[in-house]
Amino acid sequence: NDYKKVIEKSRFVIDTFPEFTMRDKALLLMVQSYYHLGELRNANGILGEVDNEFGDRVHTEVSYWRSMIKWKQGKPQPAINGLIDLIQFDLISDFEAKVYLSIAEIYFEQGMKLESMEYLEKAVVPLILVFGDCLKV
């Protein structure tokens with residue numbers, strides 16, 4: 001399984017090279033992999049490690065994954081609230097779009113199609129701002 005390989009390789013790099021400059025990225029890759037494997041407890045554990053070690057530097061990513069984990073734990077409204085709170089930050093455009101898309105996906109799963117469509121439309125705006133010139137025909 002590719003996710004398990006990512007976890008193993010990231011853990012190897014982190015343990016072998018404790019001063020690795022991209023340690024936060026390696027840990028967040030582990031979080032994502034555990035999340036996609038459905039191992040939410042492990043994902044939460046690594047998130048705590050990332051939050052303790054890097055704090056404000058990774059606040060938005062930690063908050064994003066905490067919200068996604070809440071969703072998969074059957075808590076869609078707290079997940080949506082956490083994601084909406086993230087929008088207040090000065091996010092880079094692709095991450096902002098990712099947050100909006102995640103909110104749309106949660107609403108869609110809840111059968112709330114109008115709300116889902118609203119957030120899908122919001123997801124397009126930051127992407128147009130970045131890729132607008134590429135979209136012109």
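**Ground rules**

This is a predicted model, in which local features need pLDDT of at least 70 and side-chain atom pairs count only at pLDDT 80 or more, while totals for chains, interfaces and linings use all residues. Residues are numbered from 1 along each chain as its sequence is written, and side-chain values use heavy atoms, with hydrogens and water left out.

**Overall picture**

The protein has 7 helices and 0 strands; here helices (H or I, at least four residues) and strands (E, at least two) are DSSP runs, numbered from the N terminus. Read from the N terminus, the elements run α-α-α-α-α-α-α. The C-alpha trace spans about 45 × 35 × 30 Å along its principal axes. Of the 137 residues, 37% are buried, where buried means under 20% relative accessible area, exposed means over 50%, and partly exposed lies in between (1.4 Å probe, protein chains only). Among contacts with a separation of 6 or more, 47% come from residues 24 or more positions apart; a contact means heavy atoms within 4.5 Å.

**The core**

In soluble globular proteins, nonpolar side chains tend to be buried together. A nonpolar core is taken here as a set of buried Ala, Val, Leu, Ile, Met, Phe, Trp, Tyr and Cys residues joined through side-chain atoms within 4.5 Å. The largest one in this model holds 36 residues, and V50, Y64, L83 and V99 touch the most other members. At least two residues of this core come from each of α1 (2-16), α2 (23-37), α3 (40-54), α4 (59-72), α5 (76-86), α6 (93-109) and α7 (113-135). Take L83 as a guide: leaving out residues up to four places away in sequence, L83 touches Y64, S67, M68, V99, S102, I103 and I106.

**Helix α1**

The 15 residues of α1 should span 21 Å at 1.5 Å a residue, and the end C-alpha atoms are 21 Å apart, which agrees; the expected span is 1.5 Å times one less than the number of residues. I7, S10 and I14 are the buried residues of α1. Seen down the helix axis, these buried residues fall within an arc of 75°, so they line one face of α1; the arc is that of the directions from the helix axis to the C-beta atoms. On the other side, D2, E8, K9 and F12 are exposed. The cover over the buried residues of α1 includes α2.

Leaving aside neighbours within four places in sequence, S10 is in contact with A26, L29 and M30.

| From | To | Distance |
|---|---|---|
| N1, side-chain oxygen | Y3, backbone nitrogen | within 2.8 Å |
| S10, side chain | V6, backbone oxygen | 2.9 Å |

**Helix α4**

α4 has 14 residues and reaches 20 Å from its first C-alpha to its last, close to the 20 Å expected at 1.5 Å a residue. Its buried residues are V62, S63, Y64, W65, S67, M68, I69 and W71, and they pack against α2, α3, α5 and α6. K70, also in α4, counts as partly exposed at 33% relative accessibility. Not counting residues up to four places away in sequence, K70 touches K75, P78 and A79.

**Aromatic rings**

Rings of Phe, Tyr and Trp (its six-membered ring) pair if their centres lie within 6.5 Å; planes under 30 degrees apart count as stacked, over 60 as edge-to-face and the rest as tilted. By this rule the model has 5 aromatic pairs. The ring centres of Y100 and Y119 are 6.0 Å apart with planes at 35°, so this pair is tilted. The pair links distant parts of the chain, with Y100 in helix α6 and Y119 in helix α7, 19 residues apart. Y100 is buried, with a relative accessible area of 10%, and Y119 is buried, with a value of 10%. Elsewhere, ring pairs link Y35, Y64, W65 and F95 into a cluster.

Conventions
A polar contact is a pair of N or O atoms within 3.5 Å; within protein, one must be able to donate a hydrogen and the other to accept it, and residues adjacent in sequence count only if both atoms are side-chain atoms.
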